[in-house]
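This briefing sets out selected features of one protein model, grouped by topic. Please keep the sequence and the three-dimensional view at hand while reading.

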Amino acid sequence: RPAAMAADRSRSPTTELAVAQTSAREKITRMACMGLHIFNPEWQNTHGGVPRGKQFSASFKDVTMKIYGTDEQLTFPVQTCTRVLDVKEALCSALMVDPFTLEFLEKRGCTVRKQRDTEEIARTVTVKGLVSFKPQPHKWPHPAGVIGAGYNGLKTLMIYAKSGNSDIVCFDRNAQVGGYCWITAANKTSKLQTEFGSFHVWWGQELVQENCGYPQGWSTWPHKAEILRHFQYAAEAYGILPHIRLNCNVAKLDILPDAAGSTDSMDSQYLLHVAPLDKQGEGEDLVKCSMVWSYPGSMTKNRIVDYPGEEEFGGEIRYGMGDDCPYDKLAKTNIAVLGNGAFAVENVRTCCEYGCDKVYIVTRRKNLAAPRLPCWFVHQAPVPVPGRLVLDMFKPMYDLCGFGDPWTFYAVTASTNRQHVQISQASRFGIGDVTFLAVAYGKCEYVEDTVKRVTRHTLHLNGGRKLEGVTIVLKSLGLLGDFAVDRLHRMKKMVGDFCGGDWRRGVPPHDTG
Ligand SMILES: Cc1cc2nc3c(=O)[nH]c(=O)nc-3n(C[C@H](O)[C@H](O)[C@H](O)COP(=O)(O)OP(=O)(O)OC[C@H]3O[C@@H](n4cnc5c(N)ncnc54)[C@H](O)[C@@H]3O)c2cc1C
């Protein structure tokens with residue numbers, strides 16, 4: 001008896017309604033995923049509750065679509081009122097074909113007729129003009145060229161490899177993969193600052209799942225050598241090393257027009273002049289590419305500033321990039337780091353690691369630095385984190401080490417009730433764990449001023465203060481763009497990430513992730 005009652009209940013009108021609603025929702029979801037319009041009966045044209053004009057049926061039916069001349073077929077839900085043109089457009093955007101090349105054929109009795117675009121789609125349709133329901137890649141005559149085998153170049157090669165396209169070739173000036181940033185710009189104490197949630201070692205969710213997992217046995221903050229090892233490991237795991245030509249420079253790029261003389265058409269090509277750097281006297285190789293991705297790096301040129309009196313200083317004046325730092329002289333000294341970008345913060349850490357007595361950060365304006373946890377939080381967030389939340393997350397660390405109130409920094413423009421805030425800072429946040437500690441222990445002092453001149457072991461500041469007993473100056477005054485990249489591409493402007501708007505020549509300026 002209870003079982004029978006359950007059976008009865010399962011056929012109750014409420015259950016039936018719920019089942020129908022669930023099924024309708026599933027169909028609507030599938031239609032939306034296919035890019036088909038969904039018609040809501042409430043949009044029916046009515047006047048005073050009376051339907052007017054053409055009436056559309058929003059009920060569902062299944063369409064079975066076959067590809068002419070093949071065995072491939074696809075069944076998908078549509079609404080009765082779904083038109084042929086709707087389905088053509090959805091197919092075209094998914095499969096990258098021209099809607100005007102498609103014909104939908106419907107069998108009626110013993111005849112076959114072509115459906116018009118404005119008709120409701122038939123339940124069984126044969127489509128002419130498609131090869132497959134899978135997108136067909138365009139066959140390019142030449143490989144895709146990648147300039148640079150740093151983080152970004154490697155990642156691009158890995159994405160090509162993962163999608164099954166091995167028609168790629170990459171060029172780099174270095175003798176190993178990893179790029180300028182980690183081979184040259186990082187110093188021997190440099191560590192990855194933003195870790196797993198955001199950076200190199202995590203190749204992106206879609207890539208890490210397969211060949212290249214998070215490396216085992218890493219230090220908490222992986223250092224330069226570990227990161228370079230990981231680049232090599234990842235390149236091997238994805239089988240992209242044979243596609244990379246190291247020790248060579250792409251010295252020139254010509255655009256070869258198509259047969260009709262056009263440089264805009266898909267048949268135009270790029271000719272790369274590739275000069276070997278390791279073989280004296282060997283000429284350039286000419287390599288044709290159908291598209292070119294350039295990742296030449298953006299941290300190669302220091303802003304050079306000379307101060308009056310530097311020749312009298314009597315200590316070390318360096319730029320603190322790469323291994324330019326005088327490591328053996330850092331212990332028990334007073335050091336001035338000029339500037340307050342991420343590399344200034346990085347240099348404070350290097351100086352502390354090597355046992356300096358005191359480090360001054362001499363900066364025109366004090367920048368916000370990020371404590372570790374907010375940094376992780378911001379990087380892992382799928383949507384941008386509100387500025388108010390970011391500053392509130394900074395506050396505990398700022399309070400603990402006497403770093404100031406983050407809401408009062410120059411970069412912050414906030415409403416008086418601190419409900420709305422905009423953070424606008426020329427430099428990205430340095431990740432300042434060591435800087436915070438150094439400030440808390442009095443080892444690091446921020447001096448908001450600029451250098452006027454230099455005398456022996458002394459910095460004279462424009463505000464009148466003198467920093468005495470300083471024997472090392474590290475100028476971290478920012479990085480400049482390298483116009484050699486513009487010249488290589490003969491580039492006048494960027495349109496989005498593309499060189500002069502040419503969608504086959506990407507020069508993505510910086511990774512957003
Ligand atoms: C010390 C340091 C720490 C960092 N820490 C972090 C961090 O914690 N989190 C974070 O997100 N980012 C960090 N960054 C930034 C990050 O490292 C870089 O954004 C990233 O590595 C850049 O990679 P890339 O491929 O664009 O360029 P690069 O690494 O600069 O590589 C560019 C490559 O292109 C090659 N090249 C250029 N022109 C040519 C040419 N014409 N022909 C042939 N080859 C050419 C160069 O030889 C070079 O190897 C850090 C950077 C440094 C320096």
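This is a predicted model: local features need pLDDT of at least 70, side-chain atom pairs count only at pLDDT 80 or more; totals for chains, interfaces and linings use all residues.

How many bridges join strand β5 to β6, and do the two strands run parallel or antiparallel? Strand β5, residues 103-108, is joined to β6 by four bridges, and the two strands run antiparallel.

**The five-stranded sheet**

- Strands β5 and β6 belong to an open sheet of five strands, arranged in the order β4-β3-β7-β5-β6 with mixed pairing.
- The edge positions are taken by β4 (73-79) and β6 (111-114); each has a single partner strand, so one side of each is left without a neighbour in the sheet.
- From one strand to the next, the twist averages 35°.
- Strands β3 and β4 pair in the antiparallel sense, and seven bridges link them.
- In that pairing, Val63 stands opposite Phe76 of β4.
- The hairpin of β3 and β4 has five residues between the strands, and Gly69 in this hairpin adopts a positive phi near 80°.
- Strand β3 is also joined to β7 (residues 124-128), here by four bridges between strands that run parallel.
- For Lys66, the bridge partner in β7 is Thr126.
- In a regular strand, side chains alternate between the two faces of the sheet.

- Helix α4 comprises 12 residues, 151-162, and reaches 16 Å from its first C-alpha to its last, close to the 16 Å expected at 1.5 Å a residue.
- The buried residues of α4 are Tyr151, Gly153, Leu154, Lys155, Thr156, Leu157, Met158 and Tyr160.
- Gly164 follows α4 and has a positive phi, near 85°.
- Helix α7 comprises 14 residues, 224-237, and reaches 20 Å between its first and last C-alpha atoms, close to the 20 Å expected at 1.5 Å a residue.
- Buried positions in α7 are Lys224, Glu226, Ile227, Leu228, His230, Phe231, Ala234 and Ala235.
- Against which helices do the buried residues of α7 pack? They pack against α4 and α5 (179-185).
- Gly239 follows α7, and its phi is positive, near 65°.
- An α-helix has 3.6 residues a turn, so residues three or four places apart point the same way.

**The pair of helices α10 and α11**

- Helix α10 (residues 387-401) and helix α11 (residues 433-440) pack with their axes 8 Å apart, at an angle of about 30°.
- Because angles under 35 degrees count as roughly parallel, α10 is roughly parallel to α11.
- On the α10 side the contact is made by Met397, Tyr398 and Cys401, and on the α11 side by Phe436, Val439 and Ala440.

**Positive phi in residues other than glycine**

- Asn247 has a positive phi near 55° and is a residue other than glycine.
- Asn247 lies in the loop between β10 (244-245) and β11 (248-256).
- Its relative accessible area is 23%, and Asn247 is therefore partly exposed.
- Lys332 likewise is not a glycine, yet has a positive phi of about 55°.
- The loop between β16 (316-318) and β17 (334-338) contains Lys332.
- Is Lys332 buried or exposed? With 68% relative accessibility, Lys332 counts as exposed.

**Cysteines**

- How many disulfides does the model have? The count comes to zero disulfides, where a disulfide requires a pair of cysteine sulfur atoms within 2.5 Å.
- Cys499 is in no disulfide, and the nearest cysteine sulfur, that of Cys289, is 14 Å away.
- Cys499 has a relative accessible area of 2% and is therefore buried.
- Cys110 counts as exposed because its relative accessibility is 78%.

Technical notes. Residues are numbered from 1 along each chain as its sequence is written. Side-chain values use heavy atoms; hydrogens and water are left out. Buried means under 20% relative accessible area, exposed over 50%, partly exposed in between (1.4 Å probe, protein chains only). The expected span of a helix is 1.5 Å times one less than its number of residues. Two strands pair if DSSP finds at least two bridges between them. Axes are lines fitted to C-alpha atoms, for helices over the stretch in contact, and angles run from 0 to 180 degrees between N-to-C directions. Angles under 35 degrees count as roughly parallel, over 145 as roughly antiparallel, 65 to 115 as roughly perpendicular and the rest as oblique. Contact means heavy atoms within 4.5 Å.
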